[in-house]
Amino acid sequence: LPACRDSKLFIKDLHFDEVPVRIYHPRAPSARKRRGVLFIHGGCGMFGSIRSFERICRYLARKSDSVVVSVGYHLSPEHKYPAQSLDCLTATEHFLKTAETYGVDPDRIIVCGDSAGGTFASNVCQELVNRGDIPKICAQVLIYPFLQALNFDLPSYQKNAFTAFLSRERLVRFMLKYLNKDCSMMEAVIAGSHVPESINLKYRKWINPDLIPEVFKVGYKPTSPSSFLPQVHEEMKELIKTRVSPLLAEDAVVCRLPDTCIITCQHDVLRDDGLLYKKRLEDNSVKVTWYHMEKGFH
């Protein structure tokens, strides 16, 4: 949908340091500076746009009486990875620095994203934890985020492997296309052949089906580890970096993250990514609000 007149909102297209954004500002006067919501849309870094998330952003602005900034990051493959996460970081920094220009309290800015947008949102928060020259992000809202690319055999991946719209195979294929990787290695990645045993052991404390509550493991059957394939690992090294797998960030970063809201859906391969991140944050004394949609899907 194009930007058009709204009786309750001022809507304007701008650029934040060359990153396209659309701002939704409530028309009603406010006694004090408003909250700011920086919204990062999903779509595997290849799909979606400001226009396709128009209704959602209008709804957020109206219902929360907040100034919403929708980020139109440049899409892959025309703009190579990691342009997408860098665009989101650039837009966030700009908004934090100039918030008062838009009637926003710089200490009340939330970063929100769905699916891959949740990945970018978590990246942004992790990148900014040590920055002392700009205001701190108040909170992050992660809506069924993608958070790790090590283990595609967690209970939610098994349970929802063939679920409509976002099957396990489609997710991994999209991820590889987004990263401009060889999709002929998709099956090897799904099997976990891209991860050396040393890496699996190192991160087992954070990515492990034993950490998933029993109620979510009905019917789960652990599988034998697949053989490690060095050539696949060499091609897929990016999957083990925190820009793709924010769940692998060190405790020194995680403990400094802002208050977090995580939304998960039962019929979603990414459900357990959210559950594992929830536990990591709580273990590091970060305040977490969790909403689980029992009948929800990606």
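How many positive and how many negative side chains does the chain have, and how far apart do the centres of the two sets lie? After that, take me to the loop between strand 4 and helix 2. Which residues does tyrosine 81 touch there?

Author: The model is predicted. The chain carries 40 positive and 34 negative side chains. The centres of these two sets are 6 Å apart.

Now the overall build. The chain has 10 helices and eight strands. Its C-alpha trace spans about 60 × 40 × 40 Å along the principal axes. The radius of gyration is 19 Å, which agrees with the value near 19 Å for a compact globule of 298 residues. Of those 298 residues, 55% count as buried. The chain exposes about 13,900 Å². Carbon and sulfur atoms supply 54% of that area. Consider the contacts with a separation of 6 or more: 75% of them join residues 24 or more positions apart.

Residues 37-181 are 39% helix and 17% strand. The end C-alpha atoms of that stretch are 33 Å apart. Residues 241-298 are 29% helix and 33% strand. Here the end C-alpha atoms are 24 Å apart.

On to your loop. Strand 4 covers residues 67-71, and helix 2 covers 83-98. Tyrosine 81 lies in the loop between them. Proline 77, lysine 80 and proline 82 are in this loop as well.

Start with the backbone. Most peptide bonds are trans. The bond joining serine 76 and proline 77 is cis, with omega about 5°. Tyrosine 81 and proline 82 are also joined by a cis peptide bond. Omega is about 5° there too.

Next, the side chains. Is tyrosine 81 buried or exposed? Its relative accessible area is 15%, so it is buried, the cut-off being under 20%. Lysine 80 has a relative accessible area of 47%. That value falls between the 20% and 50% cut-offs, so lysine 80 is partly exposed.

Now the contacts you asked for. Leave out residues up to four places away in sequence. Tyrosine 81 then touches Tyr178, Leu179, Glu238, Arg243 and Val244. Tyrosine 178 sits 97 residues away along the chain, yet the two C-alpha atoms are separated by 7.1 Å.

One link leads out of the neighbourhood. Glycine 42 touches Tyr73, among others. Glycine 42 itself is in the loop between strand 3 (34-40) and helix 1 (54-64). At 3% relative accessibility, glycine 42 is buried. Beyond four places in sequence, its other contacts include Phe47, Gly48, Phe53, Asp114, Ser115, Ala116 and Gly117. Aspartate 114 is 72 residues from glycine 42 along the chain. Their C-alpha atoms are separated by 5.1 Å.

Follow that list to serine 115. It is in the loop between strand 5 (104-114) and helix 3 (116-128). With a relative accessible area of 10%, serine 115 is buried. The backbone is worth a look here. Most residues other than glycine have a negative phi. Serine 115 has a positive phi of about 55°, although it is not a glycine.

Phenylalanine 165 also has a positive phi without being a glycine, at about 75°. It is in the loop between helix 4 (155-159) and helix 5 (168-178). What is its exposure class, and why? Its relative accessibility is 56%, so phenylalanine 165 counts as exposed, the cut-off being over 50%. Serine 115, in contrast, is buried.

Tyrosine 81 is buried, while lysine 80 is partly exposed.

Note on methods: Residues numbered from 1 in each chain as written. Predicted model: local features only at pLDDT ≥ 70, side-chain atom pairs only at ≥ 80, totals over all residues. Heavy atoms only, no water. Helix = DSSP H or I, 4+ residues; strand = E, 2+ residues; numbered from the N terminus. Rg over C-alpha atoms; globule rule 2.2 N^0.38 Å. Buried < 20%, exposed > 50% of the residue type's maximum accessible area, 1.4 Å probe, protein only. Contact = heavy atoms within 4.5 Å. Areas by Shrake-Rupley, 256 points an atom, 1.4 Å probe, with all protein chains shown as cover. Lys, Arg positive; Asp, Glu negative; His and termini not counted. Charge placed at Lys NZ, Arg CZ, Asp CG, Glu CD.
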